[in-house]
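Please open the structure in the viewer and keep the sequence beside it.

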Amino acid sequence: SRRRHTRYPLVTGVQTCALPISVQATVSSGSQTFNYTGAQQTWTVPAGVTSINFDVQGAQGGTSSYGTGGNGGRVQGTLPVTPGQLLYINVGGQGSTSLAGWNGGGAPYACACVGGGGGATDIRIGGTALTDRKIVAGGGGGAGYYWNWTNDPGGPGGGLIGGAGYTNGALNVTYCGQGGTQSAGGAGATSGGPAGALGTGG
């Protein structure tokens, strides 16, 4: 049989997800992009497709008057799949000064002066629970606020441990939340900020 290369880019930026899916099979060439909708989306693996190349990006954290939201993480790789298999795609949404980003972003403090965390983007197989996630790109942290200090950006998502937030241009555990890991949420600021949990920012 002929060998063809099929790409399904799932593109994620501020509120989109990138999932370029590269396939070698006897199927027509094509692409698939999933953007942020605020709801779970699905994709059925075409006949003859046994693996996908993906490019998944988490959403940016919310920006405030005191800093920019941290960028979301990015995950690229190849995932084995089965023809007819159903993939559940969750594209994270960007946080704002009034709302957490959809799909796990941390809620902003009710002062409308800090940004909510960005939502994660993930691919789930076999179900829709957090335990069914096969690929996850974490969302970025929301921008902070501390009196007249500026330059308070949120930490970046992604990596084995997400980035911590900044206050006045410097890392400061007293006033800034810490990045989460692949199995637990990040610690809150020691001055009283809430900690995150698995699948949900603090």
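A residue is called buried under 20% relative accessible area, exposed over 50%, and partly exposed in between (1.4 Å probe, protein chains only). This is a predicted model, in which local features need pLDDT of at least 70 and side-chain atom pairs count only at pLDDT 80 or more, while totals for chains, interfaces and linings use all residues. Residues are numbered from 1 along each chain as its sequence is written, and side-chain values use heavy atoms, with hydrogens and water left out.

Select Tyr66 first. Its relative accessibility is 24%, so Tyr66 counts as partly exposed.

Now display both rings. Rings of Phe, Tyr and Trp (its six-membered ring) pair if their centres lie within 6.5 Å; planes under 30 degrees apart count as stacked, over 60 as edge-to-face and the rest as tilted. By this rule there is one aromatic pair. The ring centres of Tyr66 and Tyr145 are 4.5 Å apart and the planes stand at 70°, so the pair is edge-to-face. Tyr66 lies in the loop between strands S6 (51-57) and S7 (74-80), and Tyr145, 79 residues apart from it, in the loop between S10 (133-137) and S11 (166-167). Strands here are DSSP runs (E, at least two residues), numbered from the N terminus.

Move to S6. Five of its seven residues are buried, so S6 is largely enclosed by the rest of the structure.

Technical notes:
Helix = DSSP H or I, 4+ residues; strand = E, 2+ residues; numbered from the N terminus.
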